[in-house]
Amino acid sequence: MSKKPGNQTQRSNEGGNEGGGGGGGNDKGQCESCGAEKNDFNHCVHCAQKLCDNCRMKHVETLLEDFMSSREEAASLERKIHKKSIKDIQGALDNLKVSELVGERLIQATFKDIEKQLIARKAVLMRELQVKHERQTVPLQQEKQAAEKRLYFSSVKFRDACKLSITPVRGEKASSFNKMPDGEFAQICVATTKAKESTHEFAEIKAKMEQIAAPAAVRYAYEESLDELLQKIQEFGEITVEEGKSKEDKDSKSQGKQDHPQDKKSQGKHKDNNSQKEKSNQGQDNYGQQKKAAKAK
């Protein structure tokens, strides 16, 4: 450690001449770290301070420890990246692919079930439409046949009652001597009665047929509008992305729920490491003091 390359440390003399020559060498200065009075100092390229030999040695040792610790930490992280992190990323890609395949199967199964239910519902509605149509058609046809049968017999009765061909004398030509015979007059009376009866029957048949022929229909209806149903079908289902959680997030979450015994152990280890560092710093200080005393002798 006594040799100091020019690219790291510049040795200065407080007398004003660099390199240790010239007059005024008896003037002393103070070390900017420990405050000791010295003639010669080192310019530390690490902290840009004017240091004595002991302080510079401490800086070098501290920097070396920091460098070795940082290098080991970086190398450890590098190994972990090559060993695990890249595999974790590939695992995440594989999980995404698996989730996509699972989603495809679920979508296919869901819409297959929906299509199956739609086909089944369609068959039920078609069958129900046919059944209700038959229930309405059969009695209607029976009533139609009964009305047609009654109309037939009433028409026959009416035609039989109105077969008479009579042209009565009217007006001025009619006289007391131009009278209808009683037999013919009696036939007219009977025919008139039957004609009135036919009129009454035909009126009843007409009303019945109008009642039978009243507009009737078997319709397909639904409470919810078709547009609303189609809109719900269009908006059915949703694709979401679940963000993955890193190991650090999981660990912090688990630590928030409960204090794990390992945490206490780790805290004890940190305390041990801190005490070891303090001991090493004390050792360095003792070493520097011993070296300073030896030079004074």
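1. Of the chain's 297 residues, 8% come out as buried (under 20% relative accessible area with a 1.4 Å probe, protein chains only). Keep in mind that this is a predicted model, where local features need pLDDT of at least 70, side-chain atom pairs count only at pLDDT 80 or more, and totals for chains, interfaces and linings use all residues. Numbering runs from 1 along each chain as its sequence is written, and side-chain values use heavy atoms, with hydrogens and water left out.

2. As for the fold, I see five strands and five helices, in the order β-β-β-β-β-α-α-α-α-α along the sequence. These are DSSP runs numbered from the N terminus: H or I of at least four residues for helices, E of at least two for strands.

3. Contacts here are heavy atoms within 4.5 Å. Among those between residues at least 6 apart in sequence, 55% join residues at least 24 apart.

4. Now the second largest pocket, which holds about 780 Å³ of space. Its lining has 23 residues, and R121, L125, Y220, Y222 and L229 are the closest to its centre. A pocket is an open set of points on a 1 Å grid where a 1.4 Å probe fits, with protein on both sides within 12 Å along at least five of seven lines; lining residues have an atom within 4 Å of a point. The volume is the space filled by probe spheres set on the points.

5. Which elements give two or more residues to that lining? They are α1 (53-161) and α3 (226-234), and α1 gives the most, with 11 residues.

Notes. Buried < 20%, exposed > 50% of the residue type's maximum accessible area, 1.4 Å probe, protein only.
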